[in-house]
Amino acid sequence: SVPAAMASGLSAGARRGLLIKGGAALEAIGSATSVAFDKTGTLTEGRPRVTEVMPAVGQDAAALLALAAAIEQGSSHPLARAVLAETAARGITIPAATDQAAIAGRAATGQVGGRRVSIGSPRHAREEGADPAVLDSEIARLESEGRTVAVVVVDGVAAGLIALRDEPRADAATGIATIAALGLRPVMLTGDNQRTGEAIGATLGLDVKAGLLPADKLREIATLREAGAVIMVGDGINDAPALAAATVGVAMGGGTAVALETADAAVLQDRVGGVAELVSLSRATMANVRQNVGLAVGLKGVLLVTTLVGITGLWPAIMADTGATVLVTLNALRLLRWRPATTAG
């Protein structure tokens, strides 16, 4: 009863680009009470672009972008790629950098021409002692518009801002609405600032927990698990710990190899609506399992009683037992024709 339904459910998911690593994950998905999403590359397209370069007084925009690009060289982070792409589009020569390093969830640092340069969040700039107070009004405006703001710090002084925008996936709002309609609570966990997170969250219609480092995401997942099973959806290296800590981790198919390896399931077509489909498929599979168990046990129970009281003989009971196997297998095969009631995207 159970293996036949699980095998059919896994096959039905694979046909729709929903890769699930085993029956245990398939069963757990349907019991979730909340879904936590990473932002960049999960709810958004993961292809941010630079929208504004704002040097501080006395600084040059081209020089500011060149310094930022020098530090970001070699990085695979979407924001780093956006800075490098904008620098190339403007035909700016990128200087060499040394001692490059990344501070997870905060900034990238290095030495350029004997100057110490970092590009990171406004929060990191303040922690470094480079208080970007003169740029605060612009930071607030850009963040309220849903943009990510990076502060370039040179020798401990805020040299300017680079604003980037990553558009939500086309099906993100519909996918989130479908998840909510299934009775799950969608939450966005992002390392971005509160204003940017809330701007994106308001557009998509979900709760937001912002300003989170990888360790903070782990704590949020633990808090959500106190209320029930949690699905975590992410795509990056920084999401791997949260994917592992959740009841079920789901990776976007275009994500990093680490995320795909850590996750229990993957949405191969990079659709937010695919997460809702995973939940629907899990629930349909478990309903099929219950039907099969009820059919098999019920039929055997009836034949047991009728055989004991002499109404039926041994051979009808044997035939019924074999018939029950055929019936539950045929019922399980119905899952191969499964389609979500509502398809987002």
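Two residues are in contact when their heavy atoms lie within 4.5 Å of each other. Keep that in mind as you look at this predicted model of a protein chain with 14 helices and 13 strands. Among the contacts between residues at least 6 apart in sequence, 63% join residues at least 24 apart.

**Overall shape**
- The radius of gyration is 26 Å, well over the 20 Å that the globule rule gives for 345 residues, so the protein chain is more spread out than a compact globule.
- Along its principal axes, the C-alpha trace spans about 100 × 30 × 30 Å.

**Inside the protein**
- Of the 345 residues in the chain, 49% are buried.
- The largest nonpolar core has 38 residues, and those with the most contacts inside it are V35, F37, L43, I231, V233, V250 and L278.
- Helix α13, which covers residues 273-308, gives the most to this core, with six residues.
- Another core, of 24 residues, lies apart from the largest one; V53, L64, V154 and A159 are among its members.

**A closer look at V233**
- Leaving aside residues up to four places away in sequence, V233 touches V35, A36, F37, D38, T42, L243, V250, M252 and V275.

- The accessible surface of the chain comes to about 15,100 Å², and carbon and sulfur atoms account for 58% of it.

Methods
Residues are numbered from 1 along each chain as its sequence is written. This is a predicted model: local features need pLDDT of at least 70, side-chain atom pairs count only at pLDDT 80 or more; totals for chains, interfaces and linings use all residues. Side-chain values use heavy atoms; hydrogens and water are left out. Helices (H or I, at least four residues) and strands (E, at least two) are DSSP runs, numbered from the N terminus. The radius of gyration is taken over C-alpha atoms; the globule rule is 2.2 Å times the number of residues to the power 0.38. Buried means under 20% relative accessible area, exposed over 50%, partly exposed in between (1.4 Å probe, protein chains only). Accessible areas come from the Shrake-Rupley method with a 1.4 Å probe; for residues, only the protein chains shown count as cover. A nonpolar core is a set of buried Ala, Val, Leu, Ile, Met, Phe, Trp, Tyr and Cys residues joined through side-chain atoms within 4.5 Å.
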